[in-house]
Structures are given as structure tokens and as C-alpha cells.
Amino acid sequence: MTEKHTTRITQYWHPIAEVGEITEQPQRFVLLGKALVAYRHADGIAVLNDVCIHRGAALSAGWIENGNLTCPFHGWQYDASGACVRIPALAAGAPIPRAARIPAYHVAEKYGIVWVALEDPVAPIPSYPQGEDTNPEYERFFVARLVWNTSAGRAVENSVDISHFPYVHPHILGDPEHPEVPHYDVHTYDEGIWYRTHREGYVPAGEQRPGGFTEYRHAFPFSMFLTNASEDGRISCLGVFYSPTGPKTTTSFRVIYRNFQPTLEREDEVMAIMHVLDQDRDVLETVRPEEIPVSLREELHVKVPDAASIAFRRWIETVDMLDLAPV
Ligand code: FES
Ligand SMILES: [Fe+2]
């Protein structure tokens, strides 16, 4: 860490998987360039370093025996805390070296997603703005899990940038005839920033924009919440959680909570959302460098349209993004 850094990116919760993906069979996940092994055990989910301390074999290629993670190379066994509890080649009763352990990481389940912190976390898992996830009037809808060839920083920044709508999503989210962004105030809160605009969406000439508001909330580092609220009280809040798998790759999870039944069939709804996301991916994967710049002096910013992004980049300047080597 240098003087300007107050935290490391490893000190935040990051999503790695849908809860349903984790089974009793160990599997490999990658977070911040680090290989992890995850599996479900009697008391929950364990996430450990996917490198055996003995000779470096991938434990995700192993299996669970008597509740312990078994290395496929020489059969060493680890419990969920990462402590080695059995070395089969040792004579019965011989002590297990105290150094025989692998790092175990913080793990939590929230919104149907598995979250991991590689160090003691300095901030909570990002929260839905109005506690939609615990409100019984809201139902959860898992939209998609996507892998993109760009960084989590670039991807989340795009999710709170409205000035790309007329160009990337013409006649869906934006109007190419009216690309100017109205002034909006960026507010800070303890997890990041938020701002509100009129309801998002393309409004054909002669028609009136629906009432209500759209709120963009960026929970640092890589989560965002998009709330669409209509005047009649219908609210939909889409949580977008980007996992920084490597410096140039991100896996995202999208989870909607809403208090109404949409008119579209779910399949058609997902197709419409995927169409917009494909448009985002197509442009984002051309952006160079893939990593988000860690200094506000890089690239060019225009005050009003980039206000949310400028706030994010100011925050990034305080975080040590570490040397994210892909595995
Ligand atoms: S490498 Fe894992 S037991 Fe030897
Ligand atoms: Fe977009």
C-alpha cells in the first residue's frame, strides 16, 4: 500500500457464485486472480486456497471424505478451517506439522449469491437500498450470470453511466436525437454514491415519459442497484454484482427484487434484458486498457455526464488494487 491507499481490494466482499452452484463436490472459482476451492459441508460453505500446501496440487480436483477436503495427489485432508487433519503416508499417531494448513476465507450467503472476502472485510456486503431483499412484499428473480472480457471496474462504471444510452442502446434506453444528460446530483452514502433521474427508457416523440424515478446506486467497489419506481408504487430493484475474477475478466450476477408481477413472460423479459446486456458487452470488450484507471488524471472526464464515474475513480485512488495476476 502506498500513502494514498487506505484499504486493499482484498478487504471487500466479492461475489463468486450462485448459492446453488456450490455442492459437496469441491469446485474451483477464481477471485482477484487467486484460485479458490469451494464446497458445501454440514455447517455451510467453505472457501479455501486451491493449492495444497504439500506439493501444490489443485484441491478442487479432490473430493470430500469424512467431511474433509482430500487432496488428489497424496491424500492429505483438510477441515473447513484449512487445517490439515490427516497425512496418510505418516505412521499412525505421528503428529501433523502445525504449518500444514491452507488459508480459509470469509464466506457468506446473501441474495442467493456466495460472497467471499480474502481478508477481514472493512465494509458490509452491499445492501439493497430499501431492504427489498427482506421485505415479504418483494419477490426475488435471478436474471443472469455473465462472463465478460473486461474488468469489474469498467463494467460497474458502465452500469451507472447514463450518457451511453443513446449510442449503445438507441431507441431502447436512449434517444439518439436527445443525447444530452440532464444535470443530476451525486449523493454519497456509507457504501458509495447514488443519484436519481426521471424514469429511464426511450420515449418516442409525442409520447409522455412515465412518472416516478430511476435511481442508480453504486456500492463500492463493484456492485450497483438500479431502482425503477412508478407513481403507482410498483418498485423493481435490480442488483448487479460484479466479481473481479482477474484484471481483465469479470463475472456478474443480476438479481431483481420487485413488488409486482410484470406483464411480460419471464422468458421474454430475460431475452429483452440480455439484448441490452449484449450491447453493453460488445462495446465494453473493446475498451482499452481493460483495467479501470487507478488515477483520475488518466482518460478525460466531463463534469455533468461523468459525475458518478468521477466519484468512483476518486474512491479507487484510495484503494490498493494490488497486482492482479490471472491464474
Ligand atoms: S500435493 Fe496435496 S497431498 Fe501432496
Ligand atoms: Fe448499457
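This is a predicted model: local features need pLDDT of at least 70, side-chain atom pairs count only at pLDDT 80 or more; totals for chains, interfaces and linings use all residues.
Residues are numbered from 1 along each chain as its sequence is written, chains are lettered from A and ligands numbered from 1 in the order in which they are written, and side-chain values use heavy atoms, with hydrogens and water left out.

The iron ion (ligand 2) is held by His164 (NE2), His169 (NE2) and two OD contacts from Asp280, at 2.0 to 2.6 Å. Donors here are N, O and S atoms within 2.8 Å of the metal (3.2 Å for Na, K and Ca); water is not among the atoms, so sites may look incomplete. The 4 donor atoms subtend angles of 55 to 153°, and the arrangement is therefore irregular. Four donors would count as tetrahedral with all angles between 85 and 135 degrees; four count as square planar and six as octahedral if opposite donors are over 155 degrees apart and all others between 65 and 115, and anything else is irregular. Along the chain the donors follow the spacing H-x4-H-x110-D. Histidine 164 lies in the loop between helix 1 (152-159) and helix 2 (165-168) and aspartate 280 in helix 3 (residues 266-284), so the pair ties together parts 116 residues apart in sequence. Helices (H or I, at least four residues) and strands (E, at least two) are DSSP runs, numbered from the N terminus. Histidine 164 and aspartate 280 are buried, meaning under 20% relative accessible area (1.4 Å probe, protein chains only).

Rings of Phe, Tyr and Trp (its six-membered ring) pair if their centres lie within 6.5 Å; planes under 30 degrees apart count as stacked, over 60 as edge-to-face and the rest as tilted. The count comes to 15 aromatic pairs. Among them, tyrosine 12 and tryptophan 315 are edge-to-face, 5.5 Å centre to centre with 75° between the planes. Both are buried. Tyrosine 195 and tyrosine 216 have ring centres 5.1 Å apart and planes at 20°, so this pair is stacked. Tyrosine 195 belongs to strand 14 (residues 192-197) and tyrosine 216 to strand 15 (residues 213-219).

Strand 15 leads on to strand 16 through a hairpin with 3 residues between them. The two run antiparallel, joined by 7 bridges; strands pair if DSSP finds at least two bridges between them. Because 7 of the 7 residues of strand 16 (residues 223-229) are buried, the strand is largely enclosed by the rest of the structure.

Note on methods
Buried means under 20% relative accessible area, exposed over 50%, partly exposed in between (1.4 Å probe, protein chains only).
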